[in-house]
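Please read it alongside the structure shown below.

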Amino acid sequence: HETGPTSEPTSPLARGPVISPPHTVEGFVKAFLHELNFGQGVPLATSSQTDQYLALARTVRSYLMARWLETARKRRASQPQKMVGYLSAEYLLGRQLDNALSATELREVATDAMKACGIDIEDLRAQEVEPGLGNGGLGRLAACFIDSLATLGAPSIAYGIRYEFGIFRQTFVDGRQVEQPDAWLSSGDPWGVPHPELEVPVNFGGHTERYVGEDGRERSRWVPGWGVIGLRYNYMVPGYHNGVVNTLRLWRARATNAFDLHIFNAGDYAEAVRAQTFAENISKVLYPEDSTPQGKELRLQQQYFFVACSIKDFLTHTMPKGFDVRELPERIIFQLNDTHPVIAIPELMRILVDEHDLEWDQAWGITKQCFAYTCHTLLPEALEVWPVSLMERLLPRHMEIIYRINEEFLDDLREAYPGDELRVRRMSIIADHPERSVRMAHLATVGSVKVNGVAALHSQLLKDKVLNDFSELWPDRFTNVTNGVTPRRFIRQSNPALTGLITETIGKGWVSDLDRLAELQAYSDDPEFREKFRAVKAANKERITDVLAKRDGIQLPQGHMLDVMVKRLHEYKRQSLKMLHIVTLYDRLISGEVDPASVTPRTVVFGAKAAPGYHMAKETIFLINSIAKTVNADPRVQGRLFVAFPPNYNVTLAEKLIPAADLSEQISLAGKEASGTGNMKFALNGALTIGTDDGANVEIRELVGDENFFLFGMDEPAVAELQARGYRPGDYYESDANLKRAIDLIASGHFTDGNRDAVSAFVGDLLSNDRFLALADYASYLEAQDRVEAAYADQEEWSRKAILNVARTGFFSSDRSMRDYIDRIWHIKTNA
Ligand code: B1N
């Protein structure tokens with residue numbers, strides 16, 4: 001089961017897969033029936049769809065496995081070679097079956113093979129529960145990145161946690177969000193390859209002891225209080241049409257034998273079982289907060305658990321036996337996906353100093369070169385800090401190491417900035433207020449070769465604001481890598497109609513060379529191409545209409561402009577601003593102010609989960625549902641305005657919804673959305689963006705051109721200036737008649753069956769607080785939406801703009817992001 005180059009067997013038969021499964025319909029049928037009969041233990045005739053799905057998945061997995069073994073063999077043969085270790089607490093993978101079929105060019109063979117068995121493969125595809133091991137953009141980005149790494153043939157391994165429960169399933173009860181557990185493993189995990197025999201011990205708690213070593217040096221040693229075991233699960237990550245299959249290695253927590261043996265011996269059976277449960281809790285559930293992490297002890301346990309397993313795994317199984325740890329910087333670069341895995345820095349120090357007996361300075365010299373840190377936020381409340389008291393209790397040796405790293409760092413600072421004690425305190429890894437705690441972003445910055453933001457504006461703001469002191473000290477450490485999305489999942493798989501049109505127009509090859517989309521520019525003026533392009537949109541609208549009817553019983557009206565806002569619910573993203581717009585459109589129609597025949601029929605689709613403890617976000621969900629219910633039931637706006645809010649927006653729904661959209665809502669307050677990645681998916685699928693000057697919107701607009709993008713709102717400097725002056729939302733309410741009418745209509749209880757109390761908290765906050773300045777941008781937003789309507793009325797011109805959006809956004813392929821990381825941060829060689 002080893003992937004590591006232990007002793008290489010001499011027989012060629014022992015070295016790789018004995019046979020490659022045959023790429024024929026007949027061969028596939030045989031392999032499938034074998035899985036069904038001997039894996040599931042059922043004959044085809046009496047098998048359920050679940051049996052069939054599991055057998056199909058296992059069949060496809062064996063094709064992947066052959067390539068996975070071959071990839072591992074080639075890697076071993078080309079050692080030594082520097083690798084990337086991607087460390088992320090989240091991977092929002094989405095369904096696996098279609099992705100695997102498409103990457104391995106097995107889609108047709110599998111479809112025909114299922115047909116030969118009397119099965120419609122579409123029915124089986126629908127059986128798959130997507131692994132939702134992430135919250136939103138950050139987790140989905142990690143999934144796009146590993147797809148691109150495999151496609152580029154980059155020597156890499158991705159590490160994370162195999163949560164038993166991923167992101168909750170959202171339901172609505174009387175318009176309010178109710179969370180259901182996501183038991184994604186309950187119908188089996190056909191894609192995961194467990195290796196229960198490879199146990200990785202992970203320690204926690206206890207204390208440290210000082211002792212004098214044989215060489216007379218004084219040292220510290222960790223005497224842990226308790227421990228758990230990490231179990232390894234491999235998931236295969238196929239590259240696109242290149243034979244490469246990389247590894248995503250997720251860890252599951254289990255109790256140690258020693259742990260419960262002790263208690264079993266004491267005769268307390270129930271207590272021993274409880275201890276098992278305690279250990280297994282560590283990988284039990286994904287924390288459902290997006291952007292604003294919770295400082296919970298269990299979360300720190302999760303972070304250390306997966307990081308400790310991953311580093312240990314890399315050193316013992318991926319590196320050759322007996323390799324010299326001083327070579328580590330030439331062998332590995334760990335990419336830290338936000339601060340969640342940053343405890344890896346003191347962990348590597350602990351291993352080098354305590355276990356490999358290196359001198360502190362030498363260990364620090366090595367460690368600093370082995371990490372790079374990606375920051376994903378600008379919200380101050382989102383920067384992770386861990387109380388020193390908690391760290392001392394859970395990871396006493398790591399706390400000691402952090403103290404020493406900080407001491408030496410502060411010494412350097414005092415030398416660089418004599419007398420500037422204020423600056424030293426600002427930059428310290430330890431914060432004193434409001435509670436002594438460890439600032440993980442500072443630890444990450446001090447311990448990394450490079451620090452990057454995720455879009456040009458974000459990286460600039462990191463340097464100028466969030467990490468300004470650090471960028472002054474180490475200007476070369478800071479860089480930008482703009483996010484990207486995988487065109488395999490988000491064009492080829494999700495939009496087969498557009499894929500067909502592009503391939504028939506510019507030929508094959510663009511799926512792994514997305515800059516080639518530029519060749520479509522020439523067709524933006526071609527009436528015939530525009531016609532076909534519109535037909536693609538229309539077909540995708542029909543498809544989402546069917547999906548929403550089946551999935552949620554929602555009947556979308558036909559022939560509308562499809563206006564889509566899908567993302568996590570957060571105040572900074574300003575779903576409330578979109579609501580105010582809808583209320584204004586509705587108000588205009590029911591007041592008779594506009595002739596209904598003159599307005600563009602519009603359907604607004606929302607998708608958004610709120611963190612279960614985020615009160616204001618949940619109130620916003622209730623209000624959107626209330627508005628949807630009222631608007632959709634009002635005969636005065638029938639055929640002109642419709643609002644849909646399907647519950648449980650996830651990757652699977654995104655794949656159907658985004659290709660159908662005409663308008664992409666990217667309306668965060670400038671300076672708050674680090675990048676956004678949904679914005680890229682929409683543009684690549686031919687939606688036009690209405691958006692602020694924020695995150696990657698800035699780059700989208702630069703690329704597609706001002707005339708093909710609906711910009712509105714304050715830019716970041718204007719926001720900063722307004723906030724410095726003192727923002728008073730009430731002033732906007734008083735002075736803007738449209739805004740006042742919209743807010744008054746909500747406050748009147750019109751959308752809540754006359755119940756004003758149900759909306760008073762929301763309205764009250766908007767009028768007196770409005771932290772993200774929705775009211776200040778309302779007028780500009782309304783004006784931009786009117787421009788959208790006018791533009792949409794001219795379908796020829798709209799098509800031209802939409803085509804140019806597709807043609808000019810090839811830059812946002814995650815293949816390009818990965819190449820940027822490789823060239824500017826990792827300096828590794830690819831080999832595909
Ligand atoms: O990361 C995405 C960006 O495109 C988004 O703009 C950004 O908001 C998102 C703690 C986060 N930042 N921080 C998180 C998620 C979970 C958690 O527990 C923070 N997510 C983002 C990709 O760069």
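How many bridges join strand 20 to strand 21, and do they run parallel or antiparallel? Strand 20 (residues 602-607) is joined to strand 21 by 4 bridges, and the two run parallel. The model is predicted: local features need pLDDT of at least 70, side-chain atom pairs count only at pLDDT 80 or more, and totals for chains, interfaces and linings use all residues. Residues are numbered from 1 along each chain as its sequence is written.

**Parallel sheet**
- An open sheet is formed by 6 strands in the order 21-20-19-22-23-24, with parallel pairing; strands (E, at least two residues) and helices (H or I, at least four) are DSSP runs numbered from the N terminus, and two strands pair if DSSP finds at least two bridges between them.
- Strand 21 (641-644) and strand 24 (710-711) are at the edges with a single partner strand each, so one side of each has no neighbour in the sheet.
- Val-605 has Ala-644 of strand 21 as its bridge partner.

**Domains and ligand shell**
- The domain assignment, which is automatic or from a database, gives domain 1 (1-77 + 104-125), domain 2 (78-95 + 130-482 + 819-826) and domain 3 (494-812).
- Domain 1 and domain 3 have C-alpha centres 42 Å apart.
- Because domain 2 and domain 3 both give residues to the shell around the ligand, the ligand lies between them.
- Gly-137, Leu-138, His-376, Ala-674 and Ser-675 come nearest of the 21 residues around the ligand, where a residue counts as near if its C-beta atom, placed from the backbone, lies within 6 Å.
- The shell comprises 7 nonpolar, 10 polar and 4 charged residues, with Ala, Val, Leu, Ile, Met, Phe, Trp, Tyr, Cys and Pro as nonpolar, Asp, Glu, Lys and Arg as charged, and the others, Gly among them, as polar.

**Helix 7**
- The 16 residues of helix 7 (residues 137-152) should span 22 Å at 1.5 Å a residue, and the end C-alpha atoms are 22 Å apart, which agrees; the expected span is 1.5 Å times one less than the number of residues.
- Gly-153 follows helix 7 and has a positive phi, near 65°.
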